[in-house]
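Please consult the sequence and structure shown here alongside the text.

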Amino acid sequence: MLKIDMHTHLLPPDMPLWAEKFGYGDFIWLAPGNEGRKRMMKGNQFFREIGANCWDPELRIEEYARFQTQVQVVCTIPVMFSYWAKPHDCLEMSRFLNDHLAEIQATYPKHYLALGTVPMQDAKLAISELERLVSLGVRGIQIGSNINNNNLGDPEFFPIFEACEQLNLAVMVHPWNMMGFEYMTKYWLPWLVGMPAETSRAMCSMIFSGVLEKLPNLRVNFSHAGGSFMGTIGRIEHGFNCRPDLVAVDNARNPREYLGQFWVDSITHDPRMLEYIMDLQGTRRVCLGSDYPFPLGDLEIGRMIEGMQLPENTVEDLFHNATMEWLDLDPDYFSAPV
Ligand SMILES: [Zn+2]
């Protein structure tokens, strides 16, 4: 069975020294690490050590084949978004990353699909890069759950979403720049608490501001199974009903009515939660995802789903139909000759 992992991250093996090139800022750069690994540095601060499976496409193909996975959807690591940078510098960096992602897709068309990145802090530049991505054959973008702490429902981002709908580009929303980060220094709390909250923040903002209402054909996928949104949908709906003066001010419908309009990935680490989400969303709106190659991901790609004794057509939906629909791929995309 065709298995597509729609949530994975990839970096180029080498990058310019952006801070030196632009003359400011804590841009990410790669320092040598132990045993061929690399250290991602943010200015002078260590961010994360990465191994070759973060940049070597052939090693990755070999690794995910062990889980009978044939295809990965690849996007950059959110810390690379650099929305805080000067817009033209962020555009230059986005183009560098996008050229690399598009090249991986073009070199290994049966194994990789790319999602680009764009300077969300400047709608005009972002849209120019969306148009370029289409010309490179890229089918979607990945964006952050907030843009310099502004919410995705803010009017300044609407033209970008409108352009995505018009250009038939899918959107993946990934948590990053977690709220309350500075108050959660222990226990990995920004990742365990902040990230799920960030995704719910993005979803509530896009729903209540009317983005999903005004753009019914915009195909958005929210990471980590929708974060805390799915587990708190009852509370969110009740809030909409009991305080419409606060929540229902921008012509959105009851939030529950948007379930199944958007997509989420399967990264729950909990079969019962995944069952619940499939119930809410419908199985064509839940995509196999792993967050490969990072340790908080579901790195035994699809194993949990395979152990759930689901009907075969449900597994087919999760393993490829949902992602094919999200990216608007022809059913024979992977079987047709290159
Ligand atoms: Zn991720």
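**Fold briefing**

Five strands in parallel pairing make up an open sheet, with the order 7-10-11-12-13. Its edge strands are strand 7 (140-144) and strand 13 (286-287), each of which pairs on one side only. The model is predicted, and the secondary structure of its chain comes to 13 helices and 13 strands.

**Parallel pairing within the sheet**

- Strand 11 (residues 220-222) runs parallel to strand 12 (residues 263-265), and two bridges join the pair.
- Residue F222 has V264 in strand 12 as its bridge partner.
- Strands of a sheet pair through backbone hydrogen bonds, in either the parallel or the antiparallel sense.

**An antiparallel hairpin**

- Strand 3 (residues 38-42) and strand 4 (residues 45-50) are paired in the antiparallel sense, over five bridges.
- Opposite K38 stands I50 of strand 4.
- Two residues lie between strand 3 and strand 4 in this hairpin, and G43 in the turn has a positive phi of about 60°.

**Overall dimensions and packing**

- The chain has a radius of gyration of 19 Å, which agrees with a compact globule because one of 338 residues would have a value near 20 Å.
- Along the principal axes, the C-alpha atoms of the chain fill a box of roughly 55 × 45 × 45 Å.
- Of the 338 residues in the chain, 44% are buried.
- Among contacts between residues at least 6 apart in sequence, 70% join residues at least 24 apart.

Conventions: Residues are numbered from 1 along each chain as its sequence is written. This is a predicted model: local features need pLDDT of at least 70, side-chain atom pairs count only at pLDDT 80 or more; totals for chains, interfaces and linings use all residues. Helices (H or I, at least four residues) and strands (E, at least two) are DSSP runs, numbered from the N terminus. The radius of gyration is taken over C-alpha atoms; the globule rule is 2.2 Å times the number of residues to the power 0.38. A residue is buried if 20 or more other C-beta atoms lie within 10 Å of its own, exposed if 12 or fewer, and partly exposed in between; C-beta atoms are placed from the backbone. Two residues are in contact if their C-beta atoms, placed from the backbone, lie within 7 Å. Two strands pair if DSSP finds at least two bridges between them.
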